[in-house]
Amino acid sequence: MRSAKPKVLHEVAGLSLLDHVLRAAKAAGSTDTIVVIGPGREDVTKCVKNFDAKAALFVQAQRLGTGHAVLQAEKALKGMKGHVIIAAGDTPLLRPETFQAICKKLDDGADVVVGAFELENPFGYGRVIMEGNRVTAIVEEKEANAAQKKITLLNSGMIGFAAEKALAILKAIKKSKKTGEYYLTDAIAIAHGNGLRVEAASVPTEDTLGVNTRAQLSQAEAVMQQRLRERAMANGATLIAPDTVFLSHDTKIDEDVTIAPHVVIGKGVTIESGAEILSFSHLEGVSVGRGARIGPYARLRPGSKIGAGAHIGNFVEVNRSTIAAHVDVNHLSYIGDADVGEGTNIGAGTITCNFDGANKHKTKIGRDVFVGSNSTLVAPLKIGDEVLVAAGSTVTKDTPSGSLVFGRVKEQTIKPKQGAAKIRANKKARAARKAQAKTK
């Protein structure tokens with residue numbers, strides 16, 4: 001990946017690759033989380049513990065292959081009942097149904113189950129060797145003979161074991177004389193050779209995509225985004241140009257929401273029924289109320305709440321603020337660390353000055369307030385209900401309900417011979433002198 005970040009912590013749809021795998025396993029019914037990590041990976045440990053505080057973690061100090069990695073969890077595997085499913089932490093497209101397909105085979109009496117998929121061009125993948133409906137081995141590309149290379153049933157990397165038989169099989173894996181590594185795939189031939197029942201469970205090809213490069217990361221993102229879009233539309237949302245809309249793994253969209261082209265939705269967004277998100281808007285960590293209209297070109301930042309029927313228009317940024325129902329902030333404004341009461345209108349170019357260079361401060365605006373265009377509201381500030389703030393005002397003091405605020409600087413008109421005409425003439429003279437100097 002050419003990155004200081006561990007591969008499994010890179011994200012797809014706002015969630016790490018590893019988190020996707022862990023969540024899919026849990027949704028499939030997993031009760032125990034066991035993760036094998038590399039040495040010195042406190043960041044991966046934190047990710048796992050955030051998901052499951054009771055998870056068992058084991059360190060593979062030496063990189064001696066996949067079979068060796070699984071055996072680092074020997075302590076957790078001893079005495080385990082039920083099923084053990086082994087999956088890679090860099091396969092974010094795995095779904096609960098994929099885990100369940102393997103579990104179903106184990107429930108039906110198989111001792112070992114290989115997750116397998118079909119691919120027309122099998123080059124580079126391990127081939128799943130079958131005799132009848134039994135799997136006898138997995139043969140890697142470099143070790144396959146001419147006949148085996150034609151096989152299109154391929155190893156997904158997922159293997160399920162009947163828990164009480166897993167450890168004995170894993171311990172029987174021998175070190176490769178060529179590489180000095182222990183390969184998990186050798187468990188299949190070992191189990192078959194011991195007379196155990198080894199079967200293949202068909203899994204979707206796209207679920208098996210492992211991420212080893214930035215290009216593969218983008219492929220996984222594309223697949224995940226398509227799934228999220230399809231889910232949103234199946235739940236009753238309208239995505240006018242679905243391929244241009246980007247969602248997060250946790251995006252919640254109710255029925256009858258309309259999302260225009262070129263919208264980006266980050267983590268932690270909820271959009272209620274009837275809301276409309278217009279083009280080139282960016283939302284993250286925000287709830288959008290019923291029937292609200294956002295954009296175009298709006299930015300809603302984390303910690304914000306937009307009330308029912310509110311309008312947040314073009315080139316408006318809202319940050320850590322609560323916008324009540326039926327508020328209009330229609331153009332070119334910044335609302336930060338503010339509470340805006342129901343029915344209030346915020347004119348174009350209005351800014352809440354929430355930062356004094358050291359600390360953030362709150363602005364509270366009451367209901368049915370009219371704030372004229374190009375106003376500056378200097379926090380900390382409280383504006384009461386039904387206040388009218390004249391355009392161009394700078395408001396620095398708390399204002400009681402029903403007030404008229406007129407905070408403009410005194411206007412002065414300078415006579416033409418002393419003002420604009422003189423300035424323009426001086427500019428033209430300077431430009432002429434520069435042009436003359438260049439010709440010399």
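Guide: Happy to. K427, R430, R433, K434 and K438 gather in a patch of positive charge on the surface. A patch here takes residues with over 30% relative accessible area and no salt bridge, with like charges joined within 9 Å; a salt bridge would be a side-chain nitrogen of Lys or Arg within 4 Å of a carboxyl oxygen of Asp or Glu. Please keep in mind that this is a predicted model, where local features need pLDDT of at least 70, side-chain atom pairs count only at pLDDT 80 or more, and totals for chains, interfaces and linings use all residues. Residues are numbered from 1 along each chain as its sequence is written, and side-chain values use heavy atoms, leaving out hydrogens and water.

K434 has a relative accessible area of 60%, so it counts as exposed, the term for over 50% with a 1.4 Å probe.

Now to the strands, DSSP runs of E with at least two residues. An open sheet is formed by 10 strands in the order 11-13-16-19-22-25-28-31-34-36, with parallel pairing; two strands pair if DSSP finds at least two bridges between them. Strand 11 (238–239) and strand 36 (404–405) are the edges, each pairing on one side only. Strand 31 (residues 370–371) pairs with strand 34 (residues 388–389) in the parallel sense over 2 bridges, and F370 stands opposite L388. In strand 16 (residues 276–277) you will find I277, which is buried because its relative accessible area is 0%, where buried means under 20%.

Technical notes: Patch = residues over 30% accessible without salt bridge, like charges linked within 9 Å, V, L, I, M, F, W, Y side chains within 5 Å. Areas by Shrake-Rupley, 256 points an atom, 1.4 Å probe, with all protein chains shown as cover. Lys, Arg positive; Asp, Glu negative; His and termini not counted. Charge placed at Lys NZ, Arg CZ, Asp CG, Glu CD. Helix = DSSP H or I, 4+ residues; strand = E, 2+ residues; numbered from the N terminus.
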